[in-house]
Amino acid sequence: MFTRRELLSRTGTGLPLLALAALEAAAARAAAANPLAPKVAHFPAKAKHVIHLFMNGGPSTFVQPALEYHGQQPRPPGQDRTRSRRAVQVAVQVPQVQAVRHRSVRDLPRDRQTDRRHLRDPLDAHGHPESRAGPAHDLRQRKAIRPSMEKPWLQYGLGTENQNLPGFVVLCPGKPVVGPALWSNSFLPGVFQGCHIQNLDPKRVIEHIQNRYIGATTQREQLDLLNELNKLHLNARNGDDQLDARIQSLEMAFRMQTEATEAFDVSREPVKVRESYGKGYFADACLSARRLVERGVRMVQVFYGSGQPWDDHGDLEKGHRAKAKDSDKAIAALLKDLKAKGLLDETLVLWGGEFGRTPTSEGASGRDHNNHGFCVWLAGGGVKGGMTYGQSDEFGFAAMENKVHVHDLHATILHLMGIDHEKLTYRYSGRDFRLTDVYGTVVKDIIR
Amino acid sequence: MPPLRIAFLLLFAPHVALAAEPLRTVIDRELKAAWEREKITPAPRSSDSVFLRRIHLDLVGTVPTLAETNAFLGDADPKKREKLIDRLLADPRYATAQMQLWDIAFFGRVPQNYEAVQKRPAFQAWLAKQFADNVPYDQWIKQLMLAEQPGSETFWVQYRGQPEEMAVAVSRLFLGTQLQCARCHDHPYEKWTQKDFFGLAGFFVRLVVQESGSGPNRMFTIGEKSTGDVLFSGNAKEQKPGRRGDPVKPRFLGSTMDLEEPPTPKDFKEPTPKANEKLPKPAFSRRAKFAEWMASKDNPYLAKAAANRVWAQFMGRGLIHPIDDIRTDSTASHPELFQALTAGLVEHNFDLKWLMREIVNSESYQLAMHGPSKEAMPRWFEQGRIRPLTMEEIVASLRVVTRFDQPGEKTPELGWEYYRIYFGEPLDGLGEFQGSLKEHLFWNNSEHIRRFIQRKKGNLLEEMVTSKDPVEKKVERLFLTVLHRPPTPTEAKTVTEYLSGKEKPETLFEEVIWALVNTSEFRFNH
């Protein structure tokens, strides 16, 4: 870590703002030897937690009446992905995501929803819009070379509230196409890596959460013995911070063994609540997300499924309908449940995929990736409800009005969490990195 | 009056006098001068136990056995530390341990691409041989640049088709210079311009990764074309689609002149080898020129970067820190010492083993670790630094202390992938240790740790359960085995009390061994 003097001498002639921000961050880190200790936000936060409902693959997100007409016509001008593909009529009739939205809305928190069309992302490959490899970075290797989205960054900026649970939990029944890089801490410290939970069985929820060899009492005694030895060692070494931090986290790991098992045990929920979410991994994951947020976990990302289920290159109508139907109930229940528990105000729910799909067809019945314009929706923590933001062209192909880049979305999420995205930096490889690179504007119009 | 004459000579010919002085003395003198200037009281000399553990880990990557510990602690020879150092430097494990450190620097825990992972064992074997044969550093770097010796090519395979990444890696690892800023714009704080960056990349732009065979027989070689240049199109901010840029001639780092190269004959046609065929050697090889420059006196960066890296390996931080960011305006914390290390390395023909021997024989390296500083890497080197063990060191040390490997027994598959996940990257990127919760759960509950401890014929637990010795003796032996020192009275009492618990002896001893290998003292180098 840089000392204050080093930092000033390094950056004194350069970027005073960054230096200041880095100093603040360094001070916050120095204040607590534990990197996961809660930290002071840049300004009052509107949201404390984020639940990201991640429809891995790219869900189609629009209805465009124009297509019904143009669908019969030759290829519309200026659409580079439409070459050799013919516009299709069927697809436009299937507003699946609208269905999710409308039904959830009818169920309850319409005033808490913001439909964020239309986003834009410069990359068009699986995993990219999600992992945010910056535009100046390596497109050929298709790998996440930066810390994934806001999750590790959020934890880095804010720490975690519940010291007995991981701060960033990823619920994914298997592996998405590009693998664990999606929740990788990349160059951020390892402790900020997402805790991947594949199996929701409370006994197997986190790897090595249970000891097969000794009982809890023996383990407690064993840990007490270890603590005594470690404390003698620590005292002989002048209270070294690293050693102290290790003793703390050993304790935390032990407490997590009990608390995590409890947090993931959805069978402790009333039958009515369980029924409202429905059955299956996604339903249980949504319910677990609420239980985790309730216990102070900063960020929960719920993957819809393994691989990239929302990637209907073929038979889109059937595929999208089935997935919309399957996920809708759980999402609606989650929003209602959060509201009932009084958590919706402080929990930002983000729904979205990796990108959208083209208005034109691929093969007979599928549609291809569209990174030029797609939608996400936000609900709860600090966003205005009942509005849409941004507009695409009449085909739903590219964002036209009030474009929101993924950097802008990140900046906005950080803002809602009380973090100035320009001040949250991490020094790596000789320079200060930001989640939003050198871009990003907070979309003020959607904030309450 | 001969003494006076000597003093006179010293005054007028300090260089002559310094050259004859062993480096270890220079180290101690320079560090001492800084402590006096900074008004710092250094830690006392380390105890034999602390030194024993530290030197084993630093030189051979594992801890000593109980027999080695007893022999060393019981030895009254005042020269026993120096002798131990010589013995460990000649130990075959020395090459493996040093290889592992450099290999991680070259590839990281998770290399850039899959192919690099597949062929990494071949690279590791090549690299270990350089240390085993103590090949002069500049010479093996030259060979690494040429990539002709089998195994060495893997370094380049990881940057396949990316000459810019090669330039970044080579400058950072071997020249101690951060050039990557100059990739998109002239460096804001340094003299490096984009021309310097692309000039360096110009040496690598013609490299081609060639393949032959398939499956396990898939082999890589690095060929070189006779034509091709880096195209430079200016500041990244001003890029426009369709702009191709102008060719940039290769240029050695820090040079103001482009590389002189003969013009390519007008009628030259680049051969296009078929599958499994290799490119012919070019008539003029940029790669050969670069390899030659790397190991030449014209390259001012190589010795500095290597001396600084080796110093940091043993002392915790570079004299210029971080070690891969030596700038034009960087001042070493101990300028004369930095000069002496660099000059010494050159004088001794880049003999890394010599440099290591001098550093670890210094009194400064052998200081105790409890001093006034709370920093993990004390700035003035006033105490031994505390560092976590690497994944390889943890596993190797667990094997030694629990006596996991028994004669005549086939070594079971350990499942390295697990250790990599949980112990692979214990540092936060800035040098500070951060034990993750996952790591602790792994220590607490996984079979991968448990199986080292569990009772089997001939191992530590078996000995503890079957031995007829009084419990005090056993406790002492446990501490000497795992931590290479006898227990303090408080520790002896604590552990003895624990062992009087009501569970059966096997369980109790198993838990005590678990606790001992789980202590911070075991997880770190002290």
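Is B:E211 buried, partly exposed or exposed? I found B:E211 partly exposed at 28% relative accessibility, where buried means under 20% relative accessible area, exposed means over 50% and partly exposed lies in between (1.4 Å probe, protein chains only).

I note that this is a predicted model, in which local features need pLDDT of at least 70 and side-chain atom pairs count only at pLDDT 80 or more, while totals for chains, interfaces and linings use all residues. Residues are numbered from 1 along each chain as its sequence is written, chains are lettered from A in the order in which they are written, and side-chain values use heavy atoms, with hydrogens and water left out.

I then looked up the partner: B:R218 makes a salt bridge with B:E211, with the closest N and O atoms 2.9 Å apart (a side-chain nitrogen of Lys or Arg within 4 Å of a carboxyl oxygen of Asp or Glu). B:R218 is partly exposed as well, at 24%.

Next I turned to B:K80 and B:D48, whose side chains form a salt bridge at 2.6 Å, N to O. This pair links distant parts of the chain, 32 residues apart, with B:K80 in helix 6 and B:D48 in helix 4 of chain B; helices are DSSP runs (H or I, at least four residues), numbered from the N terminus. I read B:K80 as buried at 9% relative accessibility, whereas B:D48 is partly exposed at 24%.

Finally, I recorded the count over all chains, which comes to 56 salt bridges.

Technical notes. Helices (H or I, at least four residues) and strands (E, at least two) are DSSP runs, numbered from the N terminus.
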